[in-house]
Amino acid sequence: MEKLLLVIIGILLLVIAALIIKVLSLRRSIDEIIKDFGDIIEKETNLQIRVSSSDPHIRRAAIRLNEELKKLREVSVIYSRGNNELKTAIMNISHDLRTPLTAINGYLDLLDNEDKSEDAGRYLSIIRERVEALKSLTEELFKYSVISSTKDDFKPEEIVLNSELETTLASFYGALVEKGIEPEIEICDSKVVRTLDRKSIQRIFSNIISNAIKYSEGDLKVTLDEEGTITFSNKASGLTPTEVGKLFNRFYTVESAHHSTGLGLSIAKLLSEKNGGIIEALLIEGSLVIRISFPA
């Protein structure tokens, strides 16, 4: 009886050992799939998921994942090609529009020197305003296309965010005064040094400040803390959380933004992400808050 019991226990131990080995093998295979999948997605390679396990379920899962990855790559290639073609088309159209717009402005200047009725003068003023708006849109389209498709001009270097923010704010002094805005500025004393593209950072700050000048209700608060977080806030009682959530979308403008191209904040978001930063827009107690973080 004891021998039979020992045999049964031995068999059970062998079964348990076999199950443990099987589970460990499956875990190793799953880890291999996870690692290969992560590498393929991150590096965008044409490699396939490989598994060492002979388990038919694991192998079928790997085959199915490879099939889906192939479809994903095909869709990605089509999207990337179409996106690049669209950017190129926008860039070319924007460039081609510059010449006729410059000519129209030249003729408007000539008409300003001619004798005309009061109504004609008013009509010319409206035409000039529309031409300037079109010129602004054309320039923003061109800049957006260049920024989103060019990598060669991106040159990270050590910069002091305190200095860059102060310099940009100083360059907008005249525009702020003209709008009756006296900014409240809080910049930390310690230097906040980050490795970023200087031109990008200047453009980010400029676009956000320009947006605040256009739509602020008479105030602007700018802060920079020691963690590298820059915050811009201004009263915006007419905005809703839904509108704020769309501010970084290309070409999106709120109803009051009649003269906006809708690209300024979109460009700021694109450049922030290129520099490894995080940008967000929030509506806090009736104020639009745009926050940018550049981790060390």
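In what follows, Lys and Arg count as positive and Asp and Glu as negative, while His and the chain ends are not counted. On that basis, the chain of this predicted model has 38 positive and 45 negative side chains, and the centres of these two sets lie 10 Å apart. The chain contains eight helices and seven strands, and its domain assignment divides it into domain 1, covering residues 1-150, and domain 2, covering residues 156-293.

**Overall form**

- The radius of gyration of the chain is 30 Å, whereas a compact globule of 296 residues would have a value near 19 Å.
- Taken along the principal axes, the box that the C-alpha atoms of the chain fill is roughly 120 × 45 × 35 Å.
- The centres of domain 1 and domain 2, taken over C-alpha atoms, are separated by 26 Å.
- L19, which is found in helix α1, and E164 are 145 residues apart along the chain, and their C-alpha atoms are separated by 63 Å.

**Surface, burial and contacts across the chain**

- The accessible surface of the chain comes to about 19,200 Å², and carbon and sulfur atoms account for 57% of that area.
- Of the 296 residues in the chain, 33% are buried.
- When contacts between residues at least 6 apart in sequence are considered, 69% of them join residues that are at least 24 apart.

- Helix α1 spans residues 2-43 and includes S29, which counts as buried because its relative accessibility is 1% and the cut-off for a buried residue is under 20%.
- Leaving out residues up to four places away in sequence, S29 touches V51, S53 and I58.
- L19 is also found in helix α1, but L19 counts as exposed because its relative accessible area is 51% and the cut-off for an exposed residue is over 50%.

- T138 has its place in helix α3, which runs over residues 118-149, and T138 is buried, since its relative accessible area is 3%.
- Apart from its neighbours within four places in sequence, T138 is in contact with S94, L97, R98 and L101.
- One of these contacts, L97, is 41 residues from T138 in sequence, yet the distance between the two in space is 7.2 Å, C-alpha to C-alpha.

**Helix α8 and the residue after it**

- Helix α8 covers residues 264-274, and its buried residues are L265, S266, I267, A268, L270, L271 and S272.
- As a general point, an α-helix has 3.6 residues a turn, so residues three or four places apart point the same way.
- G276 follows α8, and the phi angle of G276 is positive, near 80°.

**The loop between β6 and β7**

- E285 lies in the loop that joins β6, residues 278-284, to β7, residues 287-293.
- Although E285 is not a glycine, E285 has a positive phi of about 50°.
- E285 is exposed, because its relative accessible area is 75%, which is to be read against the cut-off of over 50% for an exposed residue.

How values were computed: Residues are numbered from 1 along each chain as its sequence is written. This is a predicted model: local features need pLDDT of at least 70, side-chain atom pairs count only at pLDDT 80 or more; totals for chains, interfaces and linings use all residues. Side-chain values use heavy atoms; hydrogens and water are left out. Helices (H or I, at least four residues) and strands (E, at least two) are DSSP runs, numbered from the N terminus. The radius of gyration is taken over C-alpha atoms; the globule rule is 2.2 Å times the number of residues to the power 0.38. Buried means under 20% relative accessible area, exposed over 50%, partly exposed in between (1.4 Å probe, protein chains only). Contact means heavy atoms within 4.5 Å. Accessible areas come from the Shrake-Rupley method with a 1.4 Å probe; for residues, only the protein chains shown count as cover. The place of a charge is taken as NZ of Lys, CZ of Arg, CG of Asp or CD of Glu. Domain bounds come from an automatic or database domain assignment.
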